[in-house]
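Thanks for coming. I will go through one model this morning, and I will keep it short. Please have a look at it first.

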Amino acid sequence: YTMKELIIDAFLFILGIVLFICYLYFYNNSSSSDFSNFSDGLLLGLAIGIIIVAIIMLLINLKKYLKK
């Protein structure tokens, strides 16, 4: 059961990194429209948020897994 959780946490971490790479790839500084700023901020916020949540969950579940 906890091994499945560790796999899910690792997947979330990888998803956050992929979103951050997408942000870096699609970031366009020349266009400063409102939608461009919103979508850049949303993508960056999602990437950082998912990475932080995945790291916290990974540490908690790894502690549980090593305790057994």
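Which element gives the most to the nonpolar patch? Before I answer, a word on what you are looking at: this is a predicted model.

The protein has 2 helices and 0 strands. The helices are α1, residues 2–26, and α2, residues 34–67.

Now the overall dimensions. Along the principal axes, the C-alpha trace spans about 55 × 15 × 15 Å. The radius of gyration is 16 Å, whereas a compact globule of 68 residues would have one near 11 Å.

Back to the patch. On the surface, Met 3, Ile 7, Leu 62, Tyr 65 and Leu 66 form a nonpolar patch, and together they have about 500 Å² of accessible area. Two elements, α1 and α2, each give two or more residues to it. The answer to my question is α2, with 3 residues.

One of the patch residues is Tyr 65, which lies in helix α2.

Next, α2 itself. This helix has 34 residues, and from its first C-alpha to its last it reaches 49 Å. At 1.5 Å a residue, 50 Å would be expected, so the value is close to that by the usual rule for a helix span.

Which residues of α2 are buried? They are Ser 36, Asp 40, Ala 47, Ile 51, Ala 54 and Asn 61. What do they pack against? The buried residues of α2 pack against α1. As background, an α-helix has 3.6 residues a turn, so residues three or four places apart point the same way.

For the protein as a whole, buried residues make up 19% of the 68 residues. The protein exposes about 5,300 Å², and carbon and sulfur atoms supply 76% of that area.

On contacts, take those between residues at least 6 apart in sequence: 79% of them join residues at least 24 apart.

Last, the end of the chain. Lys 68 sits in the segment after α2. Lys 68 counts as exposed because its relative accessibility is 76%, and the cut-off for exposed is over 50%. Where is Lys 68 relative to Thr 2? These two residues are 66 apart along the chain, and their C-alpha atoms are separated by 9.8 Å.

That is the end of my part.

Technical notes:
Residues numbered from 1 in each chain as written. Predicted model: local features only at pLDDT ≥ 70, side-chain atom pairs only at ≥ 80, totals over all residues. Heavy atoms only, no water. Patch = residues over 30% accessible without salt bridge, like charges linked within 9 Å, V, L, I, M, F, W, Y side chains within 5 Å. Areas by Shrake-Rupley, 256 points an atom, 1.4 Å probe, with all protein chains shown as cover. Salt bridge = Lys/Arg side-chain N within 4 Å of Asp/Glu carboxyl O. Helix = DSSP H or I, 4+ residues; strand = E, 2+ residues; numbered from the N terminus. Rg over C-alpha atoms; globule rule 2.2 N^0.38 Å. Buried < 20%, exposed > 50% of the residue type's maximum accessible area, 1.4 Å probe, protein only. Contact = heavy atoms within 4.5 Å.
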